[in-house]
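Hi everyone, thanks for coming. Please bring the structure up on your screens, and we'll walk through it together.

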Amino acid sequence: MTSQKFGGDWTAKKLNFFTSYLDAYLIALQNQKFKKIYIDAFAGTGEIETSDGEAYLAGSAKRALSAERRFDHYYFIESDESKASELEHMIDTEFPHLKRFTTVYRGDANEKLGKIINDIDWRFSRGLLFLDPYATQVDWATLECVAVTKSIDVWYLFPFSALNRMLPKNGKYGSWENTIDRLLGDNSWRTEFYKKDPQVSLFDLGLVDGDEDEERLVKDASPEHIKEYLISRLKTIFPCVSNNPRIFKNSKNSPMFLFCFAISNESVAAQRLALRIADHILKNK
Ligand SMILES: C[S@@+](CC[C@H](N)C(=O)[O-])C[C@H]1O[C@@H](n2cnc3c(N)ncnc32)[C@H](O)[C@@H]1O
């Protein structure tokens, strides 16, 4: 029995996309001299019961460990103590032969991922990273750290609806500013997603003086616009990013997450191959 419950239809889709890429990745690297590193930064328990209670799914950790081909090392990060223990128990009982190749870190993904990245010599290693947070937990600085390795491919479930909720129509995003900056890496979203309200203001009519009528803003951010902006932001740090992230919607057809793929490797041949596989999955599955 698992303590982990969430998601809907798209949970299975997300995991299927990711595992399809993982299998292709291990085939592509099978005859290469690099050490193959798996990093699951929001690992969970290895098993998921969907929130409608209708399905049990193998989670990302279990899927990675059961792949036909092996990584040289598996790193898991999980902040919830009891989930981390469940994950360790799952590894002990179901994958005892892989135990010595696994490390489970308890704590914050940003901090532990920084440590893992520092501990590995990326000249001789290639990594596959899964960033599967519930919401806005991934710091932009962490993505920068990943990009610097020039050796990690990353699938990032970007929290689209959480961001959209922090961008109110009336431009009063004040209390969320720091969170959004941390999520998106700078403050360019302010001018990207907000325009000056074209309606005549009390100031324009001369009914109040300038100090009382600060500039009013209106939101100008369709889902497509947010998607394009995020892709352009990722392209400022990764040399290659898929232009085809998948939007996962809830049962009311509202966008919940954007599933993005980015490559930090600077080799054009490696980028071409990785992007061909990822785009095939994102467009066709
Ligand atoms: C969407 S679930 C991940 C599910 C997992 N990928 C799977 O397929 O089973 C997100 C997980 O991240 C954990 N978590 C939340 N905040 C975290 C943080 N800051 N650092 C690490 N883990 C975190 C949660 O406890 C939860 O288990």
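Let's begin with the overall layout: the centres of domain 1 and domain 2, taken over C-alpha atoms, are 36 Å apart. Keep in mind that we are looking at a predicted model. Domain 1 is made of residues 9-167 + 240-284, and domain 2 covers 169-220.

How many residues does each domain bring to the contact? Domain 1 gives 12 residues and domain 2 gives 13. Together they bury about 1,100 Å², and carbon and sulfur atoms account for 66% of that area. On the domain 1 side, please find W140, M166 and L167: these lose the most area to domain 2, together 59% of what that side buries.

There is a polar part to this interface as well. The rule finds 6 residue pairs in polar contact across it, with both residues at pLDDT 80 or more. It also finds 1 salt bridge between the two domains. As for the elements involved, β7 (152-158) and α6 (160-165) each supply at least two residues of the domain 1 side that touches domain 2.

Now let's move to strand β6, residues 125-131. Is it buried or exposed? Here 7 of the 7 residues are buried, so the strand is largely enclosed by the rest of the structure. You can check this face by face: S125, G127, L129 and L131 are buried on one side, and R126, L128 and F130 are buried on the other.

Which strands pair with β6? One is β1 (residues 35-40), in the parallel sense over 6 bridges, where K35 has S125 as its bridge partner. Another is β7, also parallel, over 5 bridges, with F130 standing opposite W155.

A quick stop at T102, which sits in strand β5 (residues 102-106). Why does T102 count as buried? Its relative accessibility is 15%, and buried means under 20%. The T102 side chain reaches the backbone oxygen of K99 at 2.9 Å. Beyond its neighbours within four places in sequence, T102 is in contact with L65, H73, Y74, F76 and I91.

Last topic: salt bridges. The structure holds 16 of them. One joins K14 and D132, with the closest N and O atoms 3.0 Å apart. K14 lies in helix α1 (residues 9-28) and D132 in the loop between β6 and α5 (140-148), so this pair ties together parts that are 118 residues apart in sequence. Both K14 and D132 are buried.

Another salt bridge links E266 to K150, at 3.6 Å between the closest N and O atoms. E266 is in the loop between β12 and α10 (268-284) and K150 in the loop between α5 and β7, so the parts tied together are 116 residues apart in sequence. K150 counts as partly exposed, at 40% relative accessibility. Finally, salt bridges that share partners join E47, K62 and E94 into one network.

Notes
Residues numbered from 1 in each chain as written. Predicted model: local features only at pLDDT ≥ 70, side-chain atom pairs only at ≥ 80, totals over all residues. Heavy atoms only, no water. Domains from an automatic or database assignment. Contact = heavy atoms within 4.5 Å. Buried area = accessible area lost by both parts, 1.4 Å probe. Salt bridge = Lys/Arg side-chain N within 4 Å of Asp/Glu carboxyl O. Polar contact = N/O pair within 3.5 Å; in protein donor to acceptor, adjacent residues only side chain to side chain. Helix = DSSP H or I, 4+ residues; strand = E, 2+ residues; numbered from the N terminus. Buried < 20%, exposed > 50% of the residue type's maximum accessible area, 1.4 Å probe, protein only. Pairing = 2+ DSSP bridges.
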